[in-house]
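Let's take a friendly walk through this structure. Have the sequence and the 3D view open as you read.

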Amino acid sequence: MKAFEYDRAGDLAQAVGSPAMLIAGGTNLLDLMKLEVATPDALLDITRVGLNEITSEGAGLRIGALVSNSDCAAHPRIRADWPLLSRAILAGASPQLRNKATMGGNLCQRTRCGYFMDGRSPCNKREPGTGCAAQGGVNRNHAILGASDACIATYPGDMAVALSALRATVETEGPDGIREIAMRDFHRLPGDDPSRDNVLKPGEVITAIRLPAPIGGRHLYRKVRDRASYAFALVSVAASIRMDGDRIDAAQLAFGSIAHKPWTDERVEKLLVGERPTPALFGKAADLLLEDARGQGHNDFKITLVRRALAAVLAEATGE
Amino acid sequence: MAQRPAARLSVNGQSHEYHGDPRRSLLDVLRLDLGLTGTKKGCDHGQCGACTVIVNGRRINSCLTLAVMHDEDEITTIEGIGTPDALSTLQAAFVAHDGFQCGYCTPGQICSATAMIEEIRQGWPSAVTADPADKPAVAEAEIRERMSGNLCRCGAYDNILAAIRDAMAQTEAAR
């Protein structure tokens, strides 16, 4: 690990605008620092600045950025009104990691692309301009939607997939003030600058995640992976589906590990609303979702897997 | 050079000041500075759970956290859970059920399971809880899922599971 200066922030104001790399749970950052993929000159420890409460805001909820993943998943209101979020968090990592990992830090986790992590291969995300070894390389875990010539990495997390489905927002504080970013706009597609995973500006700090009023319905998170627990997703589907009689009344969907960000497609949600759930409808939804999907060779199976996972989730959620 | 913040760690009830290199993990400080070698280094990347310790009542991977970040934290290692003359209920159950072969993962397994039993008692859901809003059952599938962060290369999982179930039953009976 490269040497760095360490300091501890006493309050949020010290962190906002700081040129140092912020550290909270540290479970992803320290891993990358050991691999020397991340080499910050300075770390600012923000674990003592507060931001660790979950509070009601009308019918919605404000979750402080430093609430642990475990505390969020176990919170009575989240379990009752947004069980999709509990399910997604609990599907990720291990209990030990969820105890350390924070809400804000989880959003900032980096890709698990092996060429990014190895610290040596050409990688436009780690070292812009060097190329992308994953294209033509081992790309079983890579993107099938929204990739670019520069990068085919995926965002690996689960929690942000649920938050994207639920139309959460991310509250930040930066040198220019406070802003609120739709979860669906927080992560970026790689384009020609894959070094940036999200839209945070230098010195900007995530302060909270907001959940809008719950819409009810059935909340499911289906994660398909190589082993039953403690593994990253090959494909995941987050769904909140509300029925009105025999028709779908509301549909919130997001997909994990298939793109550089949690993938959402409002056209698919709209296609489902007002319809009777049938296998044919689920197939049409998958056709629309995947119309621009492109495999890289080893990950071609993901296109079929997303289609099947979506059909299974919709069938379970609608009772079809 | 700016003065580094120190950290006062409380380890198994004993206070220690840490002023060293901020790069050092809690795991390395426990083992190398404090001589508490019960906590093991397996992968050093948070993937195996051999380094599990309990910090402020919560189990964590001590390899993926900096010692300097634990100012005023209460840390419990395997040495604080029991001694050869006074085993904890869980430690005795691991012996009774042969919950290990080589033993390398065992301190992490026991620290992890000690905290896990408390998580179930507090009603935390897991990925296999049918409805996250419900209180979880004390079932085999729940324990397997909740212990998935601790790998055992010898594959002693069935006996580890039996030891944990036995200790949970004893703890409940004593309550």
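Helix 5 (residues 83–90) of chain A lies across strand 9 and strand 10 of chain A, running at about 15° to strand 9 of chain A. Helix 13 of chain A also packs on the sheet and touches strand 9, strand 10 and strand 11 of chain A, its direction making about 30° with that of strand 10 of chain A.

A few words on terms and numbering. This is a predicted model, in which local features need pLDDT of at least 70 and side-chain atom pairs count only at pLDDT 80 or more, while totals for chains, interfaces and linings use all residues. Residues are numbered from 1 along each chain as its sequence is written, and chains are lettered from A and ligands numbered from 1 in the order in which they are written. Helices (H or I, at least four residues) and strands (E, at least two) are DSSP runs, numbered from the N terminus. Two residues are in contact if their C-beta atoms, placed from the backbone, lie within 7 Å. Axes are lines fitted to C-alpha atoms, for helices over the stretch in contact, and angles run from 0 to 180 degrees between N-to-C directions.

Now to the sheet itself. In chain A, 3 strands make an open sheet in the order 9-10-11, with antiparallel pairing (two strands pair if DSSP finds at least two bridges between them). Strand 9 (218–224) and strand 11 (247–256) of chain A are at the edges with a single partner strand each, so one side of each has no neighbour in the sheet. From one strand to the next, the twist averages 15°. Strand 10 (residues 235–244) of chain A joins strand 11 of chain A over 9 bridges, and Ser240(A) has Gln252(A) in strand 11 of chain A as its bridge partner.

Helix 13 (residues 301–318) of chain A also packs with helix 12 (residues 279–289) of chain A, at an angle of about 140° and with the axes 9 Å apart. The two helices are therefore oblique to each other (under 35 degrees counts as roughly parallel, over 145 as roughly antiparallel, 65 to 115 as roughly perpendicular and the rest as oblique). On the helix 12 side, the residues that meet helix 13 of chain A include Phe282(A) and Leu289(A).

Finally, here are the domains, whose bounds come from an automatic or database domain assignment.

| Chain | Domain 1 | Domain 2 |
|---|---|---|
| Chain A | 5–47 | 218–318 |
| Chain B | 7–81 | 89–174 |

The C-alpha centres of the two domains lie 36 Å apart in chain A and 21 Å apart in chain B.
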